[in-house]
Amino acid sequence: MPELPEVETVANGVHERVHGQRIERVWTSGKPQTFKSPEEEIAEVLTGARIERVRRVGKTIVMSVARGSGETAEFLIHLGMTGRLLVSAAEVALPPHTHAVLSLSGGNEVRFVDARRFGRLSVAAAYDGPGAEPLTIGEDAFVALFRGRKLAIKAALLNQSLLHGVGNIYADESLFRAGIRPTRQAGRLTRAELLRLRERLVEVLRHAIKLGGSSVSDYVDADGVRGFFQLEHKVYGRAGENCHDCGKGLKKIVVGGRTTVYCPGCQR
DNA sequence: CTGACATCCTGACGGC
DNA sequence: TGCCGTCAGGATGTCA
């Protein structure tokens, strides 16, 4: 499932291939829940516009476009669980479950493909995301996010209006690396523990970006290429196996409605 | 307001 | 071999 590192990989890959190109035609599938903005509005805003930049904000891919009279707009792509944003030659057959196609001046197409349809497309005047950016938030601001919160730290990490970009994989991996049990009340962690968590979270996100993200489920980048960080998962997807650090059996529980794996030896 | 929980959707996988 | 049930999960909406 695409989280910050996967979305960053896709956004950068798409940017390299499409920036500066003009969108000549827009096709959408008509599946209602995929579109947060009306399809006609998406087509109207994007048709004829030039793609200036494609970047990541939280888990959302933001495509900035320039329109005729100097106006700008943002095309927002959320991949959900199984969404893919691919850049392909127009001659290549459309994959099943394609929900949007932007035909570009250079002859390529940007395609949004999403089997499970948890992904969402919309247009907006501007977009900042719901929460703070994990890679740049300062120490004090990070600590303040969790102050007074009674929910489990794992659930807090998944709450996009606090931090945006962290999902199930990187929540579990950062908590393991910080030695913190996912069920601990967020507001009861010490400042030192939270600072350690912030440091490990940034570390794991940056490392995963370097490896092109984690390929579990069917995540691929703009070229359809898989990432490699899944080979370095220490807890995610390893329930029942032994901890690489202490040898104890990794436990699987549910926190915040999500499958959670942790090491009872290493995480306190 | 905060937090817990169900819901959406379909492919993959395990059991028989 | 093939069928069926179960599971996966990000965001949203509902409810206490």
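**Contacts with the DNA and selected helices**

Guide: In this predicted model, a phosphate oxygen of DNA strand C is 3.3 Å from an N or O atom in the side chain of K59. That is a polar contact, meaning a pair of N or O atoms within 3.5 Å; within protein, one must be able to donate a hydrogen and the other to accept it, and residues adjacent in sequence count only if both atoms are side-chain atoms.

Visitor: What about the side chains of K36 and N168: how far is a polar atom of each from a phosphate oxygen of DNA strand C?
Guide: For K36 the distance is 3.3 Å, and for N168 it is 3.1 Å.

Visitor: How many residues surround DNA strand C, and which are the closest?
Guide: There are 13, and the closest are H78, M81, R116, Q160 and R258. A residue counts as near if one of its heavy atoms lies within 4 Å of the strand. This surface divides into four nonpolar, four polar and five charged residues. Ala, Val, Leu, Ile, Met, Phe, Trp, Tyr, Cys and Pro count as nonpolar, Asp, Glu, Lys and Arg as charged, and the others, Gly among them, as polar.

Visitor: Let us change topic. Is S174 buried or exposed?
Guide: S174 is buried, with a relative accessible area of 0%; buried means under 20%, exposed over 50% and partly exposed in between, with a 1.4 Å probe and protein chains only. S174 sits in helix 5, residues 168–178. Helices are DSSP runs (H or I, at least four residues), numbered from the N terminus.

Visitor: And what does S174 touch?
Guide: Leaving out residues up to four places away in sequence, S174 touches L157, L197, R200, L201 and V204, where contact means heavy atoms within 4.5 Å. A polar atom of the S174 side chain also lies 2.7 Å from the backbone oxygen of Y170.

Visitor: Which residues of helix 3 are buried?
Guide: In helix 3 (residues 139–146) they are F142, V143, L145 and F146. They lie on the same side of the helix because they cover an arc of only 150° around its axis, taken from the directions from the axis to the C-beta atoms. These buried residues pack against helix 4 (153–158) and helix 6 (191–210).

Visitor: How should I read the numbering and the values?
Guide: Residues are numbered from 1 along each chain as its sequence is written, with chains lettered from A and ligands numbered from 1 in the order in which they are written. Local features need pLDDT of at least 70, side-chain atom pairs count only at pLDDT 80 or more, and totals for chains, interfaces and linings use all residues, while side-chain values use heavy atoms, leaving out hydrogens and water.

Conventions: Helices (H or I, at least four residues) and strands (E, at least two) are DSSP runs, numbered from the N terminus.
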